[in-house]
Amino acid sequence: GLSGMPKLILFTSEESHYSVSKAAAFLGIGTKNVCTVPADDRGKMIPEELEKLVQQAKNEGRVPFMVSATAGTTVLGAFDPLEEIADICERHGLWFHVDACW
(Lines give C-alpha, C1' and ligand atoms only; values in the text may rest on other atoms or scores of the structure.)
Protein backbone atom coordinates (compact mmCIF):
# COMPACT_ATOMS: atom_id res chain seq x y z
CA GLY A 1 0.00 0.00 0.00
CA LEU A 2 0.87 3.64 0.30
CA SER A 3 1.56 3.61 4.03
CA GLY A 4 5.29 3.99 3.40
CA MET A 5 4.82 7.10 1.29
CA PRO A 6 5.19 10.63 2.68
CA LYS A 7 1.98 11.98 4.21
CA LEU A 8 0.75 14.63 1.78
CA ILE A 9 -1.28 17.56 3.11
CA LEU A 10 -3.16 20.27 1.26
CA PHE A 11 -4.49 23.59 2.50
CA THR A 12 -7.74 25.37 1.77
CA SER A 13 -9.86 28.04 3.42
CA GLU A 14 -12.47 27.08 5.97
CA GLU A 15 -14.87 28.83 3.56
CA SER A 16 -13.87 26.73 0.54
CA HIS A 17 -16.27 24.51 -1.37
CA TYR A 18 -16.72 20.93 -0.14
CA SER A 19 -15.37 19.68 -3.47
CA VAL A 20 -11.80 20.19 -2.22
CA SER A 21 -12.26 17.58 0.51
CA LYS A 22 -14.21 15.37 -1.86
CA ALA A 23 -11.36 15.45 -4.39
CA ALA A 24 -8.84 14.58 -1.64
CA ALA A 25 -10.97 11.54 -0.76
CA PHE A 26 -11.29 10.42 -4.40
CA LEU A 27 -7.55 10.82 -5.02
CA GLY A 28 -6.61 8.74 -1.97
CA ILE A 29 -5.06 11.67 -0.11
CA GLY A 30 -7.80 11.47 2.51
CA THR A 31 -9.99 14.12 4.03
CA LYS A 32 -7.93 14.08 7.23
CA ASN A 33 -5.06 15.48 5.13
CA VAL A 34 -7.03 18.57 4.14
CA CYS A 35 -6.03 21.40 6.45
CA THR A 36 -8.55 24.22 6.68
CA VAL A 37 -7.06 27.67 7.05
CA PRO A 38 -8.97 30.23 9.13
CA ALA A 39 -10.78 33.00 7.28
CA ASP A 40 -11.40 36.56 8.38
CA ASP A 41 -14.85 38.00 9.10
CA ARG A 42 -15.34 38.66 5.37
CA GLY A 43 -14.60 35.04 4.44
CA LYS A 44 -11.07 35.55 3.07
CA MET A 45 -8.26 33.12 3.86
CA ILE A 46 -5.77 34.64 6.31
CA PRO A 47 -2.30 34.33 4.69
CA GLU A 48 -0.42 34.55 8.01
CA GLU A 49 -2.39 31.55 9.27
CA LEU A 50 -1.61 29.64 6.07
CA GLU A 51 2.10 30.31 6.56
CA LYS A 52 1.93 29.04 10.16
CA LEU A 53 0.04 25.90 9.18
CA VAL A 54 2.42 25.06 6.32
CA GLN A 55 5.40 25.39 8.65
CA GLN A 56 3.66 23.37 11.36
CA ALA A 57 2.96 20.56 8.89
CA LYS A 58 6.60 20.51 7.81
CA ASN A 59 7.72 20.40 11.44
CA GLU A 60 5.45 17.37 11.94
CA GLY A 61 7.12 15.55 9.04
CA ARG A 62 4.20 15.98 6.69
CA VAL A 63 4.60 17.02 3.05
CA PRO A 64 2.62 20.13 2.04
CA PHE A 65 1.98 19.98 -1.69
CA MET A 66 -0.82 22.38 -2.60
CA VAL A 67 -3.01 25.29 -1.61
CA SER A 68 -6.52 25.67 -3.01
CA ALA A 69 -7.67 29.28 -2.78
CA THR A 70 -11.03 30.67 -3.82
CA ALA A 71 -12.01 33.46 -6.18
CA GLY A 72 -15.58 33.96 -5.04
CA THR A 73 -16.68 31.69 -2.20
CA THR A 74 -20.07 30.02 -2.54
CA VAL A 75 -21.75 31.69 0.44
CA LEU A 76 -20.06 35.08 0.86
CA GLY A 77 -18.57 35.69 -2.58
CA ALA A 78 -15.20 36.33 -0.92
CA PHE A 79 -11.96 36.44 -2.88
CA ASP A 80 -8.93 35.09 -1.04
CA PRO A 81 -5.84 37.37 -1.14
CA LEU A 82 -4.37 35.56 -4.14
CA GLU A 83 -1.11 37.46 -4.48
CA GLU A 84 -0.13 36.92 -0.84
CA ILE A 85 -1.06 33.25 -1.04
CA ALA A 86 0.91 32.91 -4.28
CA ASP A 87 4.00 34.31 -2.51
CA ILE A 88 3.65 31.70 0.25
CA CYS A 89 3.23 28.93 -2.32
CA GLU A 90 6.31 30.07 -4.21
CA ARG A 91 8.35 30.26 -1.01
CA HIS A 92 7.41 26.69 -0.06
CA GLY A 93 7.30 25.17 -3.56
CA LEU A 94 3.55 24.43 -3.41
CA TRP A 95 1.11 23.96 -6.26
CA PHE A 96 -1.33 26.88 -6.21
CA HIS A 97 -4.86 26.19 -7.41
CA VAL A 98 -7.60 28.83 -7.55
CA ASP A 99 -11.19 27.62 -7.48
CA ALA A 100 -13.48 30.22 -9.05
CA CYS A 101 -17.24 30.16 -8.74
CA TRP A 102 -18.27 33.70 -9.56
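Trainee: Which residue in strand 2 is the bridge partner of Leu-10?
Mentor: Val-34. Keep in mind that this is a predicted model.

Trainee: How do strand 1 and strand 2 pair, and over how many bridges?
Mentor: They run parallel, with 4 bridges between residues 8-13 and residues 34-37.

Trainee: What do strand 1, helix 1 and strand 2 make?
Mentor: A β-α-β unit, and a right-handed one. Helix 1 covers residues 19-26.

Trainee: Next, the sheet. In what order do the strands sit?
Mentor: The order is 2-1-3-4. That gives an open sheet of 4 strands with parallel pairing.

Trainee: Which strands stand at the edges?
Mentor: Strand 2 and strand 4, which spans 95-100. Each has a single partner strand, so one side of each has no neighbour in the sheet.

Trainee: By how much are neighbouring strands turned against each other?
Mentor: On average by 25°, ignoring direction.

Trainee: And strand 3, how does it pair with strand 1?
Mentor: In the parallel sense again, over 5 bridges. Strand 3 takes in residues 63-71.

Trainee: Which strands does helix 1 touch?
Mentor: It packs on the sheet and touches strand 1, strand 2 and strand 3. The direction of helix 1 makes about 165° with that of strand 1.

Trainee: Let's zoom in on Val-20 in helix 1. Buried or exposed?
Mentor: Buried. Its relative accessible area is 13%, and the cut-off for buried is under 20%.

Trainee: What is Val-20 in contact with, leaving aside neighbours within four places in sequence?
Mentor: Leu-10, Thr-12 and Ser-68.

Trainee: How far apart are the C-alpha atoms of Val-20 and Val-34?
Mentor: They are separated by 8.1 Å, and the two residues are 14 apart along the chain.

Trainee: Switching to helix 3. Where does it lie?
Mentor: Across strand 3 and strand 4. Helix 3, residues 82-92, runs at about 155° to strand 4.

Trainee: Which of its residues are buried?
Mentor: In helix 3, those are Ile-85, Ile-88, Cys-89 and His-92. Seen down the axis of helix 3, they fall within an arc of 100°, so they line one face.

Trainee: What do those buried residues pack against?
Mentor: Helix 2, at 47-59, plus strand 3 and strand 4.

Trainee: Which exposed residues does the face turned away carry?
Mentor: On helix 3, that face has Glu-83, Glu-90 and Arg-91.

Trainee: What comes just after helix 3?
Mentor: Gly-93, with a positive phi of about 70°.

Terms used. Residues are numbered from 1 along each chain as its sequence is written. This is a predicted model: local features need pLDDT of at least 70, side-chain atom pairs count only at pLDDT 80 or more; totals for chains, interfaces and linings use all residues. Side-chain values use heavy atoms; hydrogens and water are left out. Two strands pair if DSSP finds at least two bridges between them. Helices (H or I, at least four residues) and strands (E, at least two) are DSSP runs, numbered from the N terminus. A crossover is right-handed if, with the strands pointing away from the viewer, the path from the first strand over the helix to the second runs clockwise. Axes are lines fitted to C-alpha atoms, for helices over the stretch in contact, and angles run from 0 to 180 degrees between N-to-C directions. Contact means heavy atoms within 4.5 Å. Buried means under 20% relative accessible area, exposed over 50%, partly exposed in between (1.4 Å probe, protein chains only). The arc is that of the directions from the helix axis to the C-beta atoms.
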